[in-house]
Amino acid sequence: MELVLQNFQFLLTGAYYTLLITIVSMFFGLIIGLLLALARLKGNWLLSGLAKGYVSIVRGTPILVQIFIIYFGLPDYGITLGPLTAAFISLSINIGAYLSETFRGAILSVPKGQTEAAQSLGLTSWQTMRRVILPQAARVAIPPMGNTFIGMLKETSLVSVVTVTELLRSAQLLIAQYYVAMPFYIAIAIMYWVMSVFFSFILNRIENRLSKAY
Amino acid sequence: MFMIEVKQLGKSFGDLVVFRDIHLHIHPREIVVLVGPSGSGKSTLLRCLNGLEEPDAGSVVIGDASWDFSMDVSSKKQAIRKIRTSTGMVFQSFNLFPHMTVLENVIMAPTIVKKMSRTEAVEIGEALLAKVGLLNKRDEYPSRLSGGQQQRVAIARALAMQPEIMLFDEPTSALDPELTGEVLAVMKQLAEEGMTMIVVTHEMKFAREVANRVIFMSDGVIQEESTPEQFFKQPKTERARKFLRQIEGVPDIEYQV
């Protein structure tokens, strides 16, 4: 226990990287996911086919393999990325595939009459999407998005294998130094849990705000 | 000079012919009520007029915008956009935007499509809400309103774009009977103010009192058109007589339980 407190600063730095990776990849994942969902729903056969292929490949392969391809595979072609950059890229690509399915479902859940009403008022399809469909889809997408988000928070632990010193790797480094495992693992488990609870809380707030009208 | 001129309009869904060879001429300020049994194609015809369904034959001229089946894709799209700016549509299921307040519902299209300033749009929006008797609900969300109130907001929303023609697609069919009156009253007021209107409805009382012309559609064709007096007293076709008997509540056949 004392060891944990002595090294708490070090663990906090690890937690900071975990949070950073989660938030950055969630941010880019959101953008990728939205683009993929729109490509599948509104794109021509080529765009929608590409989006479908992307989702199929990313969801059908282990995230660890994706991380290795980005970090260890790309240098073969002269693209060498830092561990943190590789983590951002691989997790964004991964989360984008999952979120695109969430968004697609959410967009499809908005009744057709909403589109018709917007178009009869003269809105273009883009304006309809932005003003009418997406705000309503967001409300539907929040709960499953929360799942993905919290799942991602924990999956960041996988990037410890490419030497990003996030929370898990911080603990492993300390364990290697002191030859005691349990206190550090318990400590980071608690820290993961606290972060999850914190995110759940924020997502709940957002959900309540979007549900105000209903 | 006609406000709406429809020629040889046709629409099918796959093998199902919804209607064919429809000709329709509507004068400015005219109130035309479209009646007929369900499945007769009247709603689809109305939806074809502002491009919610795409006809597969014929032409539509509304105001100074014209749509023709033979046009290429981009001119069609442009024509539909132009037609939509001069027509307002009211739906059976209201289709208010649930995530916006009543006032936001009304002012959204003017600010987005017409780039009107918010102040101006709010002014117009409030005037329209006052007109449909719902100014006190301006900051409520649609889910807090009754069906009749929602439909009145939907009318105000369509009017906010200052259309020359209003299309009503069974505006009272989703309402409880005691709520239809308030919607019909607003429509009647619009008619008196000189709006050109096409109304698909089962409200025969409204047709009788407000319409200038009744068009009876059945099996995808216009079976007859005449003044309401003539249509209700002396329908020309047997189909219309049968339809009227049914709608007046006189059963055609005996039921047995």
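1. In this predicted model, the contact between the two chains draws on 24 residues from chain B and 20 residues from chain A. Together, chain B and chain A bury about 1,900 Å², and 62% of that area lies on carbon and sulfur atoms. On the chain B side, Arg84(B), His99(B) and Ile112(B) supply 26% of the area buried against chain A, which is more than any other three residues contribute.

2. Six residue pairs are in polar contact between chain B and chain A, counting pairs in which both residues are at pLDDT 80 or more.

3. The side of chain B that touches chain A receives at least two residues from each of α2 (73–86), β6 (87–90), α3 (102–112) and α5 (147–159) of chain B, and α3(B) gives the most, with three residues. By residue class, that side of chain B divides into 14 nonpolar, five polar and five charged residues.

4. Among contacts in chain A with a separation of 6 or more, 76% are between residues 24 or more positions apart.

5. Of the 214 residues in chain A, 43% are buried, while the chain exposes about 11,200 Å², of which carbon and sulfur atoms supply 68%.

Technical notes. Residues are numbered from 1 along each chain as its sequence is written. Chains are lettered from A and ligands numbered from 1 in the order in which they are written. This is a predicted model: local features need pLDDT of at least 70, side-chain atom pairs count only at pLDDT 80 or more; totals for chains, interfaces and linings use all residues. Side-chain values use heavy atoms; hydrogens and water are left out. Contact means heavy atoms within 4.5 Å. Buried area is the accessible area (1.4 Å probe) that two parts lose on being put together, summed over both. A polar contact is a pair of N or O atoms within 3.5 Å; within protein, one must be able to donate a hydrogen and the other to accept it, and residues adjacent in sequence count only if both atoms are side-chain atoms. Helices (H or I, at least four residues) and strands (E, at least two) are DSSP runs, numbered from the N terminus. Ala, Val, Leu, Ile, Met, Phe, Trp, Tyr, Cys and Pro count as nonpolar, Asp, Glu, Lys and Arg as charged, and the others, Gly among them, as polar. Buried means under 20% relative accessible area, exposed over 50%, partly exposed in between (1.4 Å probe, protein chains only). Accessible areas come from the Shrake-Rupley method with a 1.4 Å probe; for residues, only the protein chains shown count as cover.
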